[in-house]
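Have a look at the structure first, then read on.

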Amino acid sequence: MTKTPYVPPRVWQHLAPSGGEFASINRPVAGPTHERELPVGKHPLQLYSLATPNGVKVTILLEELLALGHDGAEYDAWLIRITEGEQFSSGFVEINPNSKIPALVDHSSGSPIRVFESGSILLYLAEKFGRFLPTDPAGRTETLNWLFWQMGAAPYLGGGFGHFYAYAPEKLEYPINRFAMEVKRQLDVLDRRLGGQRYLAGDTYTIADMAVWPWYGQLVRGHLYSAAEFLSAHEYTHVVRWAEEIAERPAVIRGRRVNRTWGDETDQVPERHRSSDLDSARAPVPDSSSTRS
């Protein structure tokens, strides 16, 4: 039996949940749904996040900074359960009016500074600590080229391909094919670049690699949407080489465990308040009512 083609109405209305697995957190308006203050720990940097690809970008950078001896990069990482709508609390919306993780507050000097959007957080921290962002104009610009490439490209991978391939309530051929084609084009862009460079911006590991790896590196390694075989990811040999090299970095191994609540229990560190939390099999989740001392 042929389905009746969908004809958009003259005016769209939100009449039914939309979004498959994440339908309960999708809505056509912004703003808070409930009152709740965010907890604040003892470190100047307070991160509110979840170990999605966007969240992992920031914890990798923080762990890389700590590995270089930047004590000022010590941080508290508080868990935001997005499937439970915690990103819509009044406290979180005050930090990020877009209600998306990750969000950061820097209490290190004077009035707290809020930083939202993962790319903005990476740039803020790289400039604050003077690391992972070249200072020469050519190197800095090339790093930012690839950082912003990721900001523009990844929605086609996540909200496009990932949604329709892994999370939509039914498999639809047209959107899966459409977004698979685009993701493969993006992988080819990366593969061509990495065929002549060790890292995205050149010979130096930068925030561009930290932004791209949790999405495209994990995709070709088979850790995103279980789609590596479907996309023939093994064909992008330079991306695979780059992805595996970064995956072996100790700070990356540590960073990807922070705010993680799924998978192997030894990889789960729901909240991180000291470096030793990452040495245990599973860090406890402290009382969220705790305050900064």
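At what angle do helix α3 and helix α4 pack, and how far apart are their axes?

1. Keep in mind that this is a predicted model. To take the question head on: α3, covering residues 118-129, packs against α4, covering residues 137-167, at an angle of about 155 degrees. Their axes lie 10 Å apart. Anything over 145 degrees counts as roughly antiparallel, so that is how α3 and α4 run relative to each other. The crossing of α3 and α4 is right-handed.

2. Who makes that contact? On the α3 side you'll find Ser118, Gly119, Leu122, Leu123 and Glu127, and on the α4 side Arg140, Leu144, Leu147 and Met151. Sorted by class, the contact of α3 with α4 has five nonpolar residues, two polar ones and two charged ones.

3. On to α5, residues 173-194. This helix has 22 residues and spans 31 Å from first C-alpha to last, close to the 32 Å expected at 1.5 Å a residue.

4. Is Ala168 buried or exposed? Its relative accessible area is 13%, so Ala168 counts as buried, the cut-off being under 20%. Ala168 and Ser18 are 150 residues apart in sequence, yet their C-alpha atoms are 8.9 Å apart in space.

Methods:
Residues are numbered from 1 along each chain as its sequence is written. This is a predicted model: local features need pLDDT of at least 70, side-chain atom pairs count only at pLDDT 80 or more; totals for chains, interfaces and linings use all residues. Side-chain values use heavy atoms; hydrogens and water are left out. Axes are lines fitted to C-alpha atoms, for helices over the stretch in contact, and angles run from 0 to 180 degrees between N-to-C directions. Helices (H or I, at least four residues) and strands (E, at least two) are DSSP runs, numbered from the N terminus. Angles under 35 degrees count as roughly parallel, over 145 as roughly antiparallel, 65 to 115 as roughly perpendicular and the rest as oblique. A crossing is left-handed if the near helix is turned anticlockwise from the far one by less than a right angle, and right-handed if clockwise. Contact means heavy atoms within 4.5 Å. Ala, Val, Leu, Ile, Met, Phe, Trp, Tyr, Cys and Pro count as nonpolar, Asp, Glu, Lys and Arg as charged, and the others, Gly among them, as polar. The expected span of a helix is 1.5 Å times one less than its number of residues. Buried means under 20% relative accessible area, exposed over 50%, partly exposed in between (1.4 Å probe, protein chains only).
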